[in-house]
Structures are given as structure tokens and as C-alpha cells.
Amino acid sequence: MNNYDVLILGGGIIGLSTAYQIARRSKLKVCLIEKGAGVGEGSTGASSAILRHRYSMDNMVYLARDGINCYRQWSAFTRMSKPRMQFMPHGVLWMPGEDLQWSKTEDQRLKRLGIASMVLDDQNLKEKFPAINPCVFTPNTLTGAAHQCSAGGSHLLEPDGGFTDPVAAMQDLLEACLAEGVTVKMQTRAQSIDVGAGTVSGITLVNGKTLHAGVVVNALGPWCEPLNATAGLTSPFNLTPTRIQVLYLDLPAQPEPLLPMPLPVCADLGGVYFRTQNNNQQLVAGSTLETDENEVIDNPDHFDRFPDENFKVRTLHVLHHRIPELPYRGKVHGYCGLYTINRADVHPVVGESAVKNLYVANGFSGHGFKLAPAIGSLLAQQITGTKADMDTSVPIEFLSANRAPLTTTGQKSALA
Ligand SMILES: Cc1cc2nc3c(=O)[nH]c(=O)nc-3n(C[C@H](O)[C@H](O)[C@H](O)COP(=O)(O)OP(=O)(O)OC[C@H]3O[C@@H](n4cnc5c(N)ncnc54)[C@H](O)[C@@H]3O)c2cc1C
């Protein structure tokens, strides 16, 4: 009863996507285990679930494109007639501030890679998104000193980007996994990965029971490294659970909308990203600064789930600069989740490890949600040796656990 072909560890978006992608194309006996009572216990539950294509590396753009394509065609992908998740096609707006060349360069690059994009001047921006201040300056959050807003910026729009609800996506994938015959064991916590003669043989649970499998996939998000260590793996990448803060503000639409809509997903490289949710009744906002990705957490089971006052003040300052009509009122709420940051090159580590048939899908930083369908596709192609519709064609070696750190443009934040 406890023998499987493939054991997937972790019921976040990466584990669920991988289990589903294997099951939908093969007859392999797949089992997924999750320590929580339901989905959403890890990074995915706190994800802003922004779906954007622009990355500094071309293969990352392709993986984002292939992942987002599955979210756009979610019903076909999940084979569900009425999935819970909806892709919100609000577009993704990049605001690089005083750098007037950035948008033009990235626009040409995205177009070359087959991704829809356009450069907006201030006038175009005001027409499309009247609530957004096009100013090229960033407020000084240290001194709070005021500045005279300045026009003349150059902004980049990905019209095919958007966002979604990460928990709805996981619930759909869970249902899709069950429909494809995946065994799902909730409230089941792995203690160790078992290895014999250099090959994985299964896992031992915290209750001492063992599950046997020819293939094991570690998709444990921020909990990945201690379990890899039980199999004797020492990663050359420094994968650190890192506390990430997010705010949300209520924007009640009654009796009339507080802000002119629509609002896109906005990545203001001066310090803030934001998007709407709940049918424009809330604003979700976080930081785009690398300096806000430094709080390493020793134990992912225990960390402060509420944002710091200082973070609130700084983030709101930049947010109000970008949306001047946003009213100052009410208490600002928020929550925190964990990125697992690959400190060597900020990109994920995916594929077979030094232990035969032990696969890792780790270190997703702020990228994992959008990439998940493509990552599941990479692993399913390698584990089953077969292809399916909506597969990515990016070679898995690109993210190999044995690679040298990838060379990026130097951007080390989740925006890399
Ligand atoms: C605040 C925030 C905002 C983000 N915004 C975006 C975004 O806009 N776009 C984007 O693409 N990405 C975003 N990300 C990143 C993305 O959410 C993550 O990369 C992704 O969710 C990682 O998924 P995962 O399945 O690897 O990990 P997780 O979701 O953490 O899943 C791992 C699972 O393993 C389980 N587990 C742990 N230990 C054990 C064990 N021993 N046995 C069994 N189960 C175990 C956990 O309970 C958990 O459910 C964001 C992340 C955060 C935190």
C-alpha cells in the first residue's frame, strides 16, 4: 500500500503542478504528501500571484510565458469545466523612473522573444490608467523630503500580464490531481528522504512510517534544504527562507469607486508593486527593493506573520506618491510569507540531484507562482520521458542543480 512510482513532497503550487503534470500524461502511481491540513500552508498561500513575462534572462521569459499560458487557459489545462481560479488580465506596468532607456530596451527584447509589450509616454499612461502618477522620481523614504513631481518618463506595459488568486489555483490543481488518480496525503510530514546505494528509495515520516518510491521530488518550498540534507545533498546554492512583507488596503467601491479604474499590476522600480483584488475592492502592495529581501528565517514554522510599522510607513509613502488620490484613511493591514531565495543567482534549482532519482524543485524566490505550470512540465517530461500539450520547450538543464550560478544583469531581487 505504501509503494509508489513517484512521491511528491509538498502541496504548494510547485508540488501540485508537478504531481498533476505527471499524472495527466502517464500511468505512474503518484503520491503527494503535505504537512498541512489543506493547501496554502507555505509560500504559495501568501503569494501575490502576479503573472508577468519580463525577466532578465531569455529562458526565464520563456518559462514565464509557458506558465502564464496555462493560467490563461486554465480550464483546458486542468480539464475542469468550472475551475475556481480566474486569470485577471489587467496588464503589468513597469515604471523604471529616471532611466528613460530601460523601457525601450526591454520592449524590443520582449518583442524579439514573442511577448506583447508597448512603451507608454506620460500621456498614454494617463489615458490608460488615470489614477497613476507618471512622475520619474522616487520619494525619499529616509528623510520624507518632498519633491516636485517631474514628467517625461518612459513606461513599459505587458498587456498580456495580470494576476490571479493563488489559493483558488491550488484548490483547482488539488482537484485535478485527484481526478487523475494521484493519492494525496494531508497532515503527513516527511522526516527524511531515504537513500540506498546512491539511489532514492522513499521517505520516512515524522510518525516513523515509511513510504517507498522509485522517484522522489522535493517541492518543499522554504523547508527544502533540511530534507535534502537528510539525503546527503549539499547544495552549492545558498537557499534561504526569507521573510517578505505585504500590505493590503481596503478600497470599498460603494457608494462610488474611490479611485479611477482600471489599475494595472504596477511594478514601480523605485520601491513598490501593487495590484487590485476582490473586484477592485482591495489593493495589495509590496516592495520591489532588494533591501526588503534580506530577513533570513531560521525556522520556516515560526516567523512574524505581521508587517513591521517601518515597512508600512515606507511602502505607503511610495504608494501614495504613485497613486495620489488614494485616500489616507483606516488601518493598514498586511501579512508576511516566505521566499526561498537562491542567494547565488536568484533563479530556481530544478532537476535530478546528485542522488539518483531524487529530484529537486527549490529556490523559487518571488518567481514560483507564475512558473509553476512550466516547472511541473519540465519535471514531468524528465521523469516520464513523454510530452503533453502545453509543455514548455525550455531545456531542464537551464535550471539544473549541477549548474554554475547563472549570470544575470546584476539584479538580485525577485525582479531579476
Ligand atoms: C509574499 C509573497 C509574494 C509573492 N508574489 C509572487 C508573485 O507575484 N508572482 C510569482 O510568480 N511568485 C510570487 N511569489 C513566490 C511564489 O509564491 C513561490 O515561489 C511559490 O509559491 C513557491 O511554491 P512552492 O510550492 O515551492 O512552496 P510552498 O508553497 O511553500 O509549498 C511547500 C509546501 O510544503 C509543505 N511542507 C513543508 N515541509 C513539509 C514536510 N516535511 N512534509 C510535508 N510537507 C511539507 C508546506 O506546508 C507547503 O505547503 C511570492 C511569494 C511570497 C511569499
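Strands here are DSSP runs of at least two residues and helices are H or I runs of at least four, numbered from the N terminus.

A word on the source. This is a predicted model, where local features need pLDDT of at least 70, side-chain atom pairs count only at pLDDT 80 or more, and totals for chains, interfaces and linings use all residues. Residues are numbered from 1 along each chain as its sequence is written, and side-chain values use heavy atoms, with hydrogens and water left out.

Now the partners. E14 pairs with strand E13, residues 265–268, antiparallel, over three bridges. Pairing takes at least two DSSP bridges. Asp268 sits opposite Val272.

Next, E15, residues 282–287. E14 and E15 are also antiparallel, over six bridges. Tyr273 has Gly286 as its bridge partner. Four residues lie between these strands, and Asn278 takes a positive phi near 50 degrees.

On to the helices. How do H2 and H9 pack? Helix H2, residues 58–72, meets helix H9, residues 368–384, at about 95 degrees, axes 7 Å apart. Axes are lines fitted to C-alpha atoms over the stretch in contact; angles run from 0 to 180 degrees between N-to-C directions. So the two helices are roughly perpendicular, a label for 65 to 115 degrees. Contacts (heavy atoms within 4.5 Å) involve, among others, Met60 and Leu63 in H2 and Phe369 and Leu378 in H9.

Terms used:
Parallel < 35°, antiparallel > 145°, perpendicular 65-115°, else oblique.
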